[in-house]
There are 2 protein chains.
Amino acid sequence: MELLRVDTIEAAREKLVNAMQEKKPNIVRLDLLKSLGHILAQDVIAQEPVPSFRRSTVDGYAVVSGNTAGASESLPVLLEMVEEVSMGHPSCCPVKTGTCGYVPTGGMIPEGADAMVMEEYCEIFDENHLAVYCPVAHGKDVVSQGEDIREGELVIKKGTRIRPQEIGVMASLGIMDVMVYEPWTITIFSTGDELVHPSHQPAPGEIRDINSYALSAQAETYGLKIQEVMVCKDDQETLKGKVSQLMKISDLVIISGGSSKGKKDATSQIIDEVTDGHTLIHGLALKPGKPSIFGYDQSTATLVTGLPGHPVAAMLVFDLLIIWLYKYMTSQKEGHSLFARMTTNLAGSPGRTTCQLVRLIKKEQEYYAEPVHGKSGLITSLTRADGYLMIGQNQEGLNKDELVEVFYV
Amino acid sequence: MELLRVDTIEAAREKLVNAMQEKKPNIVRLDLLKSLGHILAQDVIAQEPVPSFRRSTVDGYAVVSGNTAGASESLPVLLEMVEEVSMGHPSCCPVKTGTCGYVPTGGMIPEGADAMVMEEYCEIFDENHLAVYCPVAHGKDVVSQGEDIREGELVIKKGTRIRPQEIGVMASLGIMDVMVYEPWTITIFSTGDELVHPSHQPAPGEIRDINSYALSAQAETYGLKIQEVMVCKDDQETLKGKVSQLMKISDLVIISGGSSKGKKDATSQIIDEVTDGHTLIHGLALKPGKPSIFGYDQSTATLVTGLPGHPVAAMLVFDLLIIWLYKYMTSQKEGHSLFARMTTNLAGSPGRTTCQLVRLIKKEQEYYAEPVHGKSGLITSLTRADGYLMIGQNQEGLNKDELVEVFYV
């Protein structure tokens, strides 16, 4: 029996990155309104300051701050009112010593003024004069030009996943077209003579196809573009033909097969043939997820992956290797994580990294991680889980109350 | 001057829930493949067990476990091979004492057998006989019928946001149509004489519209359906007309206006009129976000909200009140949070709850929360933030190194 020369996750990631150095993700131009959730492909640099003029943050009067020194309830300062600024219009009359101008919240502060007095601390004295009852310091309630964004400032970094606030910032800078990474296109094959379409009642020995549904939803979650999803019988030649054909129009082809030895051999052979002998990884030192195969075909620039048939194993390997790689190649940060305390001892697997699903429990000022057990074929273990943790291959295990990093699923 | 009778966040939430008791979210049927990210509107109960038959988790031989007692390298047990099960086909020949049958991973275990022996521990002895070199216990490497999901079991709870794994579980149960909550439809008005379309170069005194972009992206993030997004000048009658008209086809109408007193009064008057006097909340004891107004119109079942003009304040109130309410009414759990240690002291605001943006820093086995400062009009404070924390209105503040809960933004 041929022993699998399995790779650690770290080694597998390194092999993938090295083999795919030439494969640079494409960059496309998107309308700002359609860019939510996409990955920014270049730094956003401000071409102008925001705000572009000095604005007031209150309803009140623009003054020369020095004029208000000593103002009090009993001894107000009298200033001549020389202007009333309207929203959306420039201030046209400068303020100087002894004068002031009304400015609404967000309005433009007249030249010469250096502070605002809130209208609550003022009183109209006569038609042309204002009484100020309170001193204000230089800069009070004024947003300077460029205080939010300076001209030439790096505002959003390349690799950022665009959230609503990034859309807001780009709108404020007048950026209507956004350069983002074109998502990988992915084709998914779910293979097995035992698989029936989920809408069918399985006969004894048959089961419903889960992986084509779960994996395509997972790809969608990360913004990948689904090229094709197929359920296939175990017919090596037909499958190989379809894989070859779809590699031409996919960045990533996944063959999720059974884990029986005959099937593994078939998938492994197909991957080796369609990648012209460039199988990179033949098994992972990972629990679950050992029977995973990765090959890269340079002529079509396609990554071809054989994932375990067990849905949970397939989904975790998809996350830990393929999405990791996609994020790496598009300069993304890692996903949300948190530190939680183990509710129980948990053994690792010597020589293999263990990926353990956990449920999170919030108690007082801490999160606790409770392992969700279940054989790797049991998809409900993933629906009961909030996240997963990793136990290193050289780690004996985790102790009750130990702090561990949990990644959300 | 009329003082605002402001509500705490808790009081505001209670008022909204009470006023909108009659407004039940609609339930719609969706194709399983289109249900990703939607909110499940009813519990999913299994109508059948999964798996529906006993399956092997290894390639090997199905045996009566008792027969293997005492088997060893030097003294194998000999069993007659009576069957070879194929994937996708039922087993047709029972196994009994003294016999065995080959079963591939995922294949059906013959009646009478109660355990699997991995093929690594067996050897073909002759055409009809197998030598077993290792004893196995009852149930070894067998997944029982219903071991993943029992018939009648509550598998996924109402209110769950559908992830890829929930799609997988429903596929395994043959559920092709999913009952989900129909997302609220939302109309957004961004108002102000100073606003210009982001593609235009603002003249002095003008600024680019941010809120219609940022708020519609935020609504999209939570799966709400955008009905209409409009930028309007400050013309009370025209705005009121448009609001009335769009209330007929929206669950939620947002008027994001300036924060100047005149504008607040205008928005407040519009909301009072279009809701037939049912203004529920007139100001929040929240920093930022005080000038927020909520009214509910029973005849059209529409929530009409005036949000601050400052983008960050508008987005935080949208999250803390509107999205909170939407989640409450669709039985959703709260979002991802974590506990982090303050990098610095931070003062609260007496009588008001403070919502403070923070950047998260991972160091060793902890996250640290570093306040992101900036006036609430400064949208970049939100792009620099990973999340926010809350300081209660009766809390003086937070101390350096204190643990706080942070919610992701």
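Contact here means heavy atoms within 4.5 Å. I'm working on a predicted model, where local features need pLDDT of at least 70, side-chain atom pairs count only at pLDDT 80 or more, and totals for chains, interfaces and linings use all residues. Residues are numbered from 1 along each chain as its sequence is written, chains are lettered from A and ligands numbered from 1 in the order in which they are written, and side-chain values use heavy atoms, with hydrogens and water left out.

**Entry 1: the interface**

I started with how the two chains touch. The contact takes 85 residues from chain A and 85 residues from chain B. I then compared the two sides: 100% of the interface residues of chain A are also interface residues in chain B, so the copies meet through the same surface.

Next came area. The size of an interface is often given as the accessible area lost when the parts come together. I took it with a 1.4 Å probe, summed over both parts. About 7200 Å² is buried between chain A and chain B, and carbon and sulfur atoms give 61% of that.

How many salt bridges cross the interface of chain A and chain B? The rule finds eight, asking for a side-chain nitrogen of Lys or Arg within 4 Å of a carboxyl oxygen of Asp or Glu. I looked up one between A:Asp386 and B:Lys333, at 3.7 Å from N to O.

I also counted polar contacts (a pair of N or O atoms within 3.5 Å; within protein, one must be able to donate a hydrogen and the other to accept it, and residues adjacent in sequence count only if both atoms are side-chain atoms). There are 24 such residue pairs between chain A and chain B, both residues at pLDDT 80 or more. On the side of chain A that touches chain B, helix 2 (residues 164-172) gives the most, with eight residues.

**Entry 2: symmetry**

I superposed the copies by least squares on the C-alpha atoms of residues with pLDDT of at least 70 in both. Chain A goes onto chain B with an RMSD of 0.1 Å, by a turn of 180° and a shift of 0.0 Å along the axis. That is the relation of a two-fold axis. Which residue of chain A comes closest to the rotation axis? I found A:Leu338, its C-alpha at 2.9 Å.

**Entry 3: strand 9 of chain A**

Helices (H or I, at least four residues) and strands (E, at least two) are DSSP runs, numbered from the N terminus; two strands pair if DSSP finds at least two bridges between them. Strand 9 (residues 129-132) pairs with strand 5 (residues 77-84) in the antiparallel sense over four bridges, and A:Glu80 has A:His129 as its bridge partner. Strand 8 (residues 122-126) also pairs with strand 9 in the antiparallel sense over four bridges. There A:Glu123 stands opposite A:Ala131, and two residues lie between strands 8 and 9 in their hairpin.

Most residues other than glycine have a negative phi, and most peptide bonds are trans. I noted some exceptions. The bond from A:Val50 to A:Pro51 is cis, omega near -5°, and A:Pro51 sits in the loop between strand 2 (44-45) and strand 3 (55-56) of chain A. In chain B, a cis peptide bond joins B:Lys287 and B:Pro288, with omega about -5°. A:Ala301 is not a glycine, yet has a positive phi of about 55°; I found A:Ala301 in the loop between strand 20 (293-297) and strand 21 (302-307) of chain A.

Conventions: Buried area = accessible area lost by both parts, 1.4 Å probe.
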